[in-house]
Protein chains: 2
Amino acid sequence: MRDVANAAGVSLKTVSRVVNNEASVTAGLEQRVRSAIRALGYQPDDRARYLRRAATGSRSLGFVQTDVANPFFAAMFRGLEDVVRAEGFLVFAGSSDADPDREEELVRAFIARRVDGLVIASARSDLSFLAAEVEHGTPLVFVDLEPAIDLGDVVRTDHYGGAAMATRHLLEHGHRRIAFLGDSPMFFSARERRRAFVDVMAEAGCPTPWLLTDLTTPEESEAAAHELLNRADRPTALFTAQNFVTIGAVKAMHGLGVQHEIALVGFDDVDIAELVEPKLTVVPQDPGALGRLAGERLFARLASTGRPFERTVLESKLIPRGSGEIRPS
Amino acid sequence: MRDVANAAGVSLKTVSRVVNNEASVTAGLEQRVRSAIRALGYQPDDRARYLRRAATGSRSLGFVQTDVANPFFAAMFRGLEDVVRAEGFLVFAGSSDADPDREEELVRAFIARRVDGLVIASARSDLSFLAAEVEHGTPLVFVDLEPAIDLGDVVRTDHYGGAAMATRHLLEHGHRRIAFLGDSPMFFSARERRRAFVDVMAEAGCPTPWLLTDLTTPEESEAAAHELLNRADRPTALFTAQNFVTIGAVKAMHGLGVQHEIALVGFDDVDIAELVEPKLTVVPQDPGALGRLAGERLFARLASTGRPFERTVLESKLIPRGSGEIRPS
DNA sequence: CTGAAAGCGCTAACAC
DNA sequence: GTGTTAGCGCTTTCAG
């Protein structure tokens with residue numbers, strides 16, 4: 001900037017005014033400055049600008065997710081990005097792999113960069129160290145989880161309602177021997193879905209001898225489903241409570257050739273749902289909407305602080321496609 | 001920081017020394033400072049630190065991709081993130097939707113934040129405005145494309161070789177009537193794959209009346225494949241040259257019930273490949289490896305500048321799974 | 001081993 | 001309209 005000012009023969013402040021499009025610069029001077037900027041390939045340093053302007057804030061956001069390679073989070077990220085872009089903000093993104101240390105490391109790094117807000121879609125640590133930041137004005141939005149502490153808005157799917165719907169759907173189609181396959185109970189969503197399944201089964205007077213959890217990859221799920229369906233005493237239906245779990249279970253069923261005998265309802269929509277035979281009955285989430293809503297909440301809070309935190313819960317509908325309508329044989 | 005210094009009764013510089021773990025601080029003072037830091041919930045401002053330290057550089061990277069919601073880019077991002085994390089850097093990520101304006105907007109925003117380097121996996125604009133930055137020391141890595149200008153390292157898949165392999169595979173299985181379905185020729189990868197197909201078909205003396213391009217969504221691809229396969233005069237095999245294109249074409253084939261008559265080889269691996277019947281023969285890429293290699297190149301260049309740019313080309317192998325081994329009827 | 005002064009690149013506040 | 005001064009939060013440089 002100093003170089004530009006020298007080249008144009010003006011003061012620093014005049015260059016600053018041109019860069020910021022302030023009206024009060026004579027046309028001639030402005031031209032001189034603009035040519036100097038072009039000639040020197042000058043790009044203003046936003047870090048210094050925002051540092052001086054606000055001391056806190058950098059027109060950027062931090063996004064902590066479990067794993068960007070999981071299409072669910074990738075779609076959420078995209079939804080968030082679309083909102084953020086409209087505001088001219090940038091996003092720092094990081095995957096935690098559900099590791100509390102990595103989570104805290106990311107959050108601290110984002111805070112140190114003075115992000116204007118944090119979207120957290122992965123929280124196992126209690127994040128109470130954030131309390132000071134929140135009081136200092138950094139808004140937090142939690143996506144698809146219930147934080148241990150009341151420190152920000154929450155946007156999430158109605159996991160309990162969706163899972164109850166899935167379970168009832170299978171009961172209504174005559175099943176009483178239903179297995180639950182889910183991922184790790186470390187996740188709020190997984191706990192809720194399992195709780196709904198257990199509650200609805202209990203209401204219906206059905207035992208639940210098959211409660212499989214901690215299936216974190218398609219491979220683990222496939223192995224578990226394979227073993228389960230190979231037993232003489234096997235369930236007549238599966239409720240697969242997460243996208244990777246569904247993919248693995250479907251592979252196992254196709255491997256064993258039982259996909260037309262055993263019913264299946266999955267939570268989350270998956271690419272394969274309409275391509276396999278029978279097509280998959282699922283309770284989809286809308287990750288893009290979760291991301292967008294999270295972004296909107298964050299900017300709303302940036303605009304006007306002080307109101308009590310809001311909780312947005314997205315309901316989901318069951319999409320019957322075939323696999324969930326198979327009756328017990 | 002000033003507050004911490006006051007609370008601890010020391011100078012700013014001493015706090016700075018403690019924060020940076022410089023050895024030369026007396027144990028007693030260090031303790032005083034650390035308690036003050038904890039009591040006040042102080043977090044150093046990395047923007048100011050890096051501003052003073054290097055003026056250029058912020059221990060962060062910019063990643064420009066076409067669309068994070070595309071699993072191919074999401075996996076690439078993850079690979080990049082793993083490398084970046086090991087170095088303690090953060091990543092700004094943005095999707096361009098292959099829009100040159102958005103691309104330039106993102107790149108400029110990243111530069112303005114003084115990222116230490118840029119990974120570009122989406123480039124339609126010629127990015128020549130970056131020349132000044134590159135001379136100024138900001139390294140660039142282009143992933144899966146050939147930049148218009150020689151301004152950085154390149155990491156990419158051997159699209160031509162992979163597509164040639166796919167085409168030959170179909171020829172070797174007796175096909176001569178092969179259709180090409182691909183996405184937009186605005187992408188380097190799409191152009192290369194198409195070029196390989198045309199070359200290999202010409203070598204074999206086969207006409208290529210079916211060259212479908214600009215299929216950018218699964219829906220468009222499904223519609224195009226549906227129309228193509230409904231004709232009396234239809235091809236006996238398809239080469240689907242991108243992940244979304246493959247998904248759409250497979251849907252169309254299953255919709256028409258011709259998946260056991262028409263052969264198919266796809267570029268890119270897809271989740272559905274092992275779940276549909278017949279399973280899909282594909283030439284996979286390794287997006288995670290592309291991301292990791294891009295990160296490694298970038299840090300290598302950060303460590304020692306000045307060497308000529310390198311070009312890393314990943315070869316791929318064809319995975320026969322069934323769909324590509326169907327013979328013409 | 002510790003502190004005071006200067007300055008990273010920029011802008012707010014106040015001159016002229 | 002334009003320039004000067006001070007200072008954002010931190011680190012560098014150089015005294016003590």
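Q: Which residues are closest to DNA strand C, and how many surround it?
A: In this predicted model, where local features need pLDDT of at least 70, side-chain atom pairs count only at pLDDT 80 or more and totals for chains, interfaces and linings use all residues, DNA strand C is surrounded by 24 residues, the closest being Met1(A), Ser16(A), Thr26(B), Arg52(B) and Ala55(B). A residue is near a strand if its C-beta atom, placed from the backbone, lies within 6 Å of it. Residues are numbered from 1 along each chain as its sequence is written, while chains are lettered from A and ligands numbered from 1 in the order in which they are written.

Q: And which elements give two or more residues to that surface near DNA strand C?
A: Helix 2 (12–19) and helix 4 (46–54) of chain A do, together with helix 2 (12–19) and helix 4 (46–54) of chain B; helices here are DSSP runs of H or I with at least four residues, and strands are E runs of at least two, numbered from the N terminus.

Q: What about DNA strand D, which residues come nearest?
A: Of the 25 residues around DNA strand D, the nearest are Thr26(A), Arg52(A), Ala55(A), Met1(B) and Ser16(B), and the largest share of that surface, five residues, comes from helix 4 of chain B.

Q: Changing topic, which residues of helix 6 of chain B are buried?
A: Glu103(B), Leu106(B), Val107(B), Ala109(B), Phe110(B) and Ile111(B) are buried, meaning that 20 or more other C-beta atoms, placed from the backbone, lie within 10 Å of their own.

Q: What follows that helix?
A: Helix 6 of chain B is followed by Arg114(B), which has a positive phi near 60°.

Definitions and conventions. A residue is buried if 20 or more other C-beta atoms lie within 10 Å of its own, exposed if 12 or fewer, and partly exposed in between; C-beta atoms are placed from the backbone.
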